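Visitor: I am new to this structure and would like a guided look. Could you show it to me, please?
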Amino acid sequence: MDPFFVKGAQLFLSLSILIVLHEFGHFIPARLFKIRVEKFFLFFDVKFALFKKQIGETVYGIGWLPLGGYVKISGMIDESMDKEAMAQEPKEWEFRSKPAWQRLIVMIGGVTVNIILGFFIYIMIIATYGDEYSTPDDLKYGFGFTPTMEQYGFEQGDKILAVNGEELEDQLEFPQMLMMRDVSKVTVLHENGSQEELSLPDDIGMQLFKSGEMFGVNFPRTPVYLDSVFGGAKEAGVLGTDELLSINDYPIKYKSDASYALQSKKDSVATITVSRDGVARTFDIPMGEQKMVGVGFGFADKEYLMPERHKREYGIGESIGRGIGYGVDKLSDYVTQFKYVFTAKGASQVGGFGAIAGLFPDSWNWLSFWETTAFISIILAFMNILPIPALDGGHVMFLLYEIITGRKPSDKFLEYAQMIGFFLLIALVLYANGNDVYRWITGS
């Protein structure tokens, strides 16, 4: 099946599960506090619904616009903007008639469910599948590092022994740690067998991001040879039978060397040197918008394409601690990445539904599906708790103000805040999905 439809189906199922459970997080405490819930919808029913059925006081349904879901709680200023109902005297079964602490619990219910669900899925994944790791010995040729990392003492072929004095459990976790976590002290094992503790600045992640050297590592580092040519290299006259010697005067032995050569000399033209019939020949290759040289590699060590992965299994008790810890790390990493988003370069990389769909694999895999669903659940929790009107966090912000000061914001103020927040969110959705469309059109 076409990967586009596979990714789309996974996204649809994942969001459907998360939206329904999120809205139940609001629905259940509302009913416990005897607040009437008028509607419970998966997706938005603008003008009409694909399906709806009334059970008791609540209409349950599925809308046609897949941008989220909602519960319409009586006596609450929300996206429905039901001004006529709000103009009437409060009823005992309405949201606005309940104590502030009860309204607060109702509003944080959705976020609470998303956090618990994300952690629960991680716990079950750990309990069922365990987790995987690679030791320094599994990196046969070590890491390939970017030019910026070399400035701080890293050498091509280094392996990572410890970060901040603690043994690194999984070598493949290091690139992510560079961008998202504190890695001020890194103990490395050089190719010559010596060990060294290297120091990195607090802003190493931002340095790598701005220089275009994402994650600081060019991986995998495995021996390669020139196998095929296309695009600019083919047009310039490079042959697939040539022996590749260097790119931008940097010798090419490992796959990571090619990335390093292009990072060292950021130019629109790459210089390739090959050996043909024992004679060195040099070609200047325009890389175009895609920044591609046009060379394909074959692997000289076919038994080593990626490090071996070992499996570690956990009991139920261990899985709980490990799963929660993993979820906390994911949440922390997601919050940290916002420092990159709020830059000129980062803003252009913000994505919408297309970017979210890209998190899923091209073929259906239940383990990957649940891992991604857990991550999206944590993202939804964080995004929803932001103190922006029209989000749960906006309602929570005003409720906390009421609890602390004893003064409730006026309905008129809440209406205006809701409208402003709603238009801000629509603008953000359009911008993010517009970026997806632009990247799809340009292939970037």
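Visitor: Which residue does lysine 72 meet in a salt bridge?
Guide: In this predicted model, the side chain of lysine 72 meets that of glutamate 38, at 3.1 Å from N to O.

Visitor: Is lysine 72 buried or exposed?
Guide: Lysine 72 is buried, at 12% relative accessible area.

Visitor: How many salt bridges does the count come to?
Guide: The count comes to 18. One of them joins arginine 309 to aspartate 170, with the closest N and O atoms 2.8 Å apart. This pair links distant parts of the chain: arginine 309 sits in the loop between strands E15 and E16, aspartate 170 in the loop between E6 and H5, and they are 139 residues apart.

Visitor: And which residue forms a salt bridge with aspartate 333?
Guide: That residue is arginine 181, and the closest N and O atoms are 2.9 Å apart. Aspartate 333 belongs to helix H9, whereas arginine 181 is in the loop between H5 and E7, 152 residues apart. Aspartate 333 is buried, having a relative accessible area of 6%, while arginine 181 is partly exposed at 26%.

Visitor: Let us change topic. How many residues does the largest nonpolar core have?
Guide: The largest nonpolar core has 27 residues, and those with the most contacts inside it are Met149, Phe154, Ile160, Phe174 and Leu178. Strand E5, helix H5, strand E7 and helix H6 each supply at least two residues of this core. H5 gives the most, with five residues.

Visitor: What is phenylalanine 154 in contact with, leaving aside its neighbours within four places in sequence?
Guide: Phenylalanine 154 is in contact with Phe145, Met149, Ile160, Phe174, Val186, Val188, Leu198 and Leu200. Apart from this core lies another one, of 23 residues, including Phe43, Ala357, Phe369 and Phe382.

Visitor: Now the surface. Which residues form a nonpolar patch there?
Guide: The patch consists of Val46, Phe48, Leu50, Phe51, Ile62 and Trp64, which together have about 580 Å² of accessible area. Strands E1 and E2 each give two or more residues to the patch, and E1 gives the most, with four. Phenylalanine 51 is found in E1, and it is partly exposed at 46% relative accessible area.

Visitor: What order do the strands of the open sheet have?
Guide: This sheet of four strands runs E12-E11-E13-E14, with antiparallel pairing. E12 and E14 are the edge strands, each pairing on one side only. E13 and E14 pair over eight bridges, and isoleucine 272 has phenylalanine 283 in E14 as its bridge partner.

Visitor: One last point: what is the phi of asparagine 164?
Guide: Asparagine 164 has a positive phi of about 55 degrees, although it is not a glycine. Most residues other than glycine have a negative phi. Asparagine 164 lies in the loop between E5 and E6. Asparagine 248 also has a positive phi, near 50 degrees, and its place is in the loop between E11 and E12. Asparagine 164 is partly exposed at 32% relative accessibility, whereas asparagine 248 is buried at 13%.

Definitions and conventions:
Residues numbered from 1 in each chain as written. Predicted model: local features only at pLDDT ≥ 70, side-chain atom pairs only at ≥ 80, totals over all residues. Heavy atoms only, no water. Core = buried A, V, L, I, M, F, W, Y, C linked by side-chain atoms within 4.5 Å. Buried < 20%, exposed > 50% of the residue type's maximum accessible area, 1.4 Å probe, protein only. Contact = heavy atoms within 4.5 Å. Patch = residues over 30% accessible without salt bridge, like charges linked within 9 Å, V, L, I, M, F, W, Y side chains within 5 Å. Areas by Shrake-Rupley, 256 points an atom, 1.4 Å probe, with all protein chains shown as cover. Salt bridge = Lys/Arg side-chain N within 4 Å of Asp/Glu carboxyl O. Pairing = 2+ DSSP bridges.
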